[in-house]
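Let's take a walk through this model together, starting at one residue and widening the view from there. Keep the viewer open as you read.

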Amino acid sequence: MLTLARIAEDPTVLTRHLDSRDGVPLVFRPLTRTDAESLAGFLAGLSSETRGFSTFDGYDLAAAEELCAAIARYDKLRLVLEGEAPAGIVGLLEFSLALTQGDVERYRKAGVHLDEETDCRFGLTLADAHQGQGLATLAFPLVCEVARRLGKRRIILWGGVLADNPRAIRFYEKNGFQWVGPFTGPDGRTALDMILDIVPPPAGTPPSPR
């Protein structure tokens with residue numbers, strides 16, 4: 001089973017090469033400590049609409065440096081989709097291997113027992129110019145591969161998916177996520193909890209609720 005330390009030491013264990021549907025080569029790989037400037041460009045270029053759907057602590061070089069400095073220090077694994085120069089980073093994919101108490105309680109009330117041994121959180125942000133081009137669908141099998149190699153059986157959405165983001169909801173439904181239920185976030189916006197079984201559960205386990 002892979003560990004965050006092993007990935008940081010050798011990012012090639014999760015590096016894959018992809019071709020977009022337009023034939024443009026992309027690299028799917030872990031974020032590295034040398035990515036700060038490219039990541040800063042990605043964050044700074046996000047529109048206000050995209051920032052509303054994917055919130056970060058900042059959108060400048062300082063925020064990017066903080067994300068790069070956090071590699072293998074906490075429970076987070078961040079990967080990027082990188083295009084050819086000058087495109088640089090065009091997508092940021094985030095895993096959290098820890099669950100919040102809020103996650104656990106919300107899912108418990110919906111009849112789903114979360115466990116840090118088997119479950120992880122996931123979030124995805126694409127650069128505005130690369131949204132709607134099938135990049136997320138192209139990369140998603142690799143997302144599931146990463147989760148499996150980290151020893152996880154299920155993926156939940158990091159902070160849920162906002163109810164007023166129908167394109168994201170359709171994407172997650174298309175890729176097998178099941179509805180768990182709505183909740184109100186700290187900002188007062190309605191979001192939906194969704195879960196994906198990436199490894200078949202043991203026989204006799206009831207399915208996750210829709």
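Arg-6 is partly exposed, with a relative accessible area of 40%; here buried means under 20% relative accessible area, exposed over 50%, and partly exposed in between (1.4 Å probe, protein chains only). You will find Arg-6 in helix α1, which covers residues 4-9. Helices (H or I, at least four residues) and strands (E, at least two) are DSSP runs, numbered from the N terminus. From Arg-6, look across to Val-180: the two are 174 residues apart along the chain, and their C-alpha atoms are separated by 33 Å.

Before going further, a word on the ground rules. This is a predicted model, in which local features need pLDDT of at least 70 and side-chain atom pairs count only at pLDDT 80 or more, while totals for chains, interfaces and linings use all residues. Residues are numbered from 1 along each chain as its sequence is written, and side-chain values use heavy atoms, with hydrogens and water left out.

Now zoom out to the whole chain. The protein chain contains seven helices and nine strands. Its radius of gyration is 17 Å, close to the 17 Å that the globule rule gives for 210 residues, so the chain is as compact as a globular protein of that length. That radius is taken over C-alpha atoms, and the globule rule is 2.2 Å times the number of residues to the power 0.38. Along the principal axes, the C-alpha atoms fill a box of roughly 50 × 40 × 35 Å. Of the 210 residues, 48% count as buried. Contact means heavy atoms within 4.5 Å, and among contacts between residues at least 6 apart in sequence, 65% join residues at least 24 apart.

Which residues show what the buried part looks like? Leu-93 has a relative accessible area of 2%, so it counts as buried. Not counting residues up to four places away in sequence, Leu-93 touches a list of residues including Phe-28, Leu-77, Leu-79, Phe-122, Leu-124 and Val-143. Leu-79 is 14 residues from Leu-93 in sequence, yet their C-alpha atoms are 5.1 Å apart in space.

Asp-103 sits in helix α5, residues 101-109, and is buried because its relative accessible area is 3%. Leaving aside neighbours within four places in sequence, Asp-103 is in contact with Leu-114, Arg-121 and Ile-156.

Ala-72 has a positive phi of about 65° although it is not a glycine. At 34% relative accessibility, Ala-72 counts as partly exposed.

Finally, the cysteines. A disulfide is a covalent bond between the sulfur atoms of two cysteines. With a disulfide taken as a pair of cysteine sulfur atoms within 2.5 Å, a search of the whole structure finds zero. Cys-144 is in no disulfide, and the nearest cysteine sulfur, that of Cys-120, is 9.3 Å away. Cys-144 has 9% relative accessibility and therefore counts as buried. Cys-68 counts as buried too, at 3% relative accessibility.
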